[in-house]
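Here are my comments on the aromatic and nonpolar side chains. Please read them with the model open.

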Amino acid sequence: MVSTVDEATDKSPLIQAKNVVKSYGDIPVLHDFSLDVARGEVVVLIGPSGSGKTTFIRTLNGLETIDSGRITINGTVLADSGPLSSGKPHKPNSRSLQKVRLDVGMVFQQFNLFPHLTAAENVMEAPVWVRKIPHKDARKRALELLDRMGLADRADHYPHELSGGQQQRVAISRSLAMDPVAILFDEVTSALDPELVGEVLRAMRQLASDGMTMIVVTHEMQFARQVADRVVMMAGGRLIEAGTPEQIFASPSDPRTAKFLQSVVHPH
Amino acid sequence: MGEIASWLPSLLTGLGVTVELTVFSMAFGLVVGLVLATIRLEPRNKWLYIPATIYIEVIRGTPLILQLFFAYFALPAIGIRLDPFLAGILALGINYSAYLSEVFRSSIKAVPHGQWEAASSLGMPWVLVMWRVILPQAGRIALPATGNYFIALFKDSALASTISVTELLFSGQILAAATFNYFGIYAVVAVFYLAVSYPSSLGLRALERRLELSRRKARPKKVTA
């Protein structure tokens, strides 16, 4: 089982992003963006494409650097710099980057499974090589995780033999195998055929109910409504509003949220 | 027939030297080529990138036979005396490392960026990502071109005859000078080259097919009671 609530006394946020600023060249992507995520919380980021959602979660495990701001994850400072202190992007030191990546898992839109390894080998790879867990124990754990994802009979298949939905569930298992304190989901159902979306969302729902801390970028509003503890609306790299799903979906306070929801629910 | 048989001992010895020359030069070329490719993945690291680039351009821009002459005839002027065989390995290995490094660099770059991201987000440090995730995939991409270079190197090793390495061609030349049977001897030498290069090329093609990812299938399930 996923153990994430073992530090119930710890009230400080697990993930803390403060005044994060980032731009690609002259194009600003994140403007003074701040977000705290508590242990066990499921936060869903919504907003039009180009609003900075994906960039933001990628900063949380160092796949993107930030220009200024402060990011702290599970007590590790990943980035900390005053506004425009040097003009250079802030580069995290490799030790804290490593620590954060061990703490925070990530699941990608394109699955990114290792194509030369079977499903079970994909899941075992990091435990065996990074955590130095004996091969036999790692395989046993991998089979348990795959079984939980409904993939017991696919453990020895290669990624190209699996459907997109199955591949994505392997990717989730691979992330879980490192016992992360939180998992980032970057539009994980966007590359899937419509009939395969449900199985992945079911797996994520299961994780949420097990108490996993999750930050989810998605266009699946139904999922946001049912699973999120908090929905965050982004546009133009800014936080527009945040609230419970009821607040955001039933009575959004910002017209941009209302407009966005309108366009997602009735796309034509 | 009896005449051909009398040539065989020295031609077979020559073939042995050719194969050794090829294998050692290739090993040198693979290792140095991989190091150069890795260096050239990161242009921002100027202190390594620029020398590596100069090395590659100088080697690719000058004739192999000149490099052989340099290794054997020129280096003694600065106090480096190599025997012909070593000079041959050095020159052939250096020459092929420059070409192979470009094959490896483009193969590594052909592995989707998402593979780096997925592996590093699992906490794998750079070396592990490279060794466990990127190289197994890049290696498959690089195999056809690398195999071609291997066979080309096998044939180019004949140039080492110019610095008096008694490999296959030079063994033939010695016999030809003694018997004046140029036609017969060079025909047999050609057959010797083909007898190695053609099976090698078939073997490489088979290896390519074997390693193709789309041919990999789940192992048949064990029947459990």
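This is a predicted model: local features need pLDDT of at least 70, side-chain atom pairs count only at pLDDT 80 or more; totals for chains, interfaces and linings use all residues.

The points below go from ring pairs to surface to charges.

1. Ring pairs. Over all chains, the structure holds nine aromatic pairs. One of them joins Phe69(B) and Phe73(B). Their ring centres are 5.5 Å apart, and the planes make an angle of 70°. That makes the pair edge-to-face, because the angle is over 60 degrees.

2. Where the pair sits. Helix H3 of chain B, residues 64-74, carries both Phe69(B) and Phe73(B). The two are four residues apart, which is about one turn of the helix.

3. Is Phe69(B) buried, exposed or partly exposed? Its relative accessibility is 33%, so Phe69(B) counts as partly exposed. Leu66(B) also belongs to helix H3 of chain B. Leu66(B) has a relative accessible area of 43%, so this residue is partly exposed.

4. Surface patch. Which residues form the nonpolar patch on the surface? They are Ile65(B), Leu66(B), Phe69(B) and Phe73(B). Together they have about 350 Å² of accessible area.

5. Charges over rings. Now to chain A. Arg174(A) places its charged end over the ring of Phe114(A), 4.5 Å from the ring centre. Arg225(A) lies over the face of Phe249(A). Here the distance to the ring centre is 4.6 Å.

Key. Residues are numbered from 1 along each chain as its sequence is written. Chains are lettered from A and ligands numbered from 1 in the order in which they are written. Side-chain values use heavy atoms; hydrogens and water are left out. Rings of Phe, Tyr and Trp (its six-membered ring) pair if their centres lie within 6.5 Å; planes under 30 degrees apart count as stacked, over 60 as edge-to-face and the rest as tilted. Buried means under 20% relative accessible area, exposed over 50%, partly exposed in between (1.4 Å probe, protein chains only). A charge sits over a ring if NZ of Lys or CZ of Arg is within 6 Å of the ring centre and within 35 degrees of the ring normal. Patches are made of residues with over 30% relative accessible area and no salt bridge: like charges are joined within 9 Å, nonpolar side chains (Val, Leu, Ile, Met, Phe, Trp, Tyr) within 5 Å. Accessible areas come from the Shrake-Rupley method with a 1.4 Å probe; for residues, only the protein chains shown count as cover. A salt bridge is a side-chain nitrogen of Lys or Arg within 4 Å of a carboxyl oxygen of Asp or Glu.
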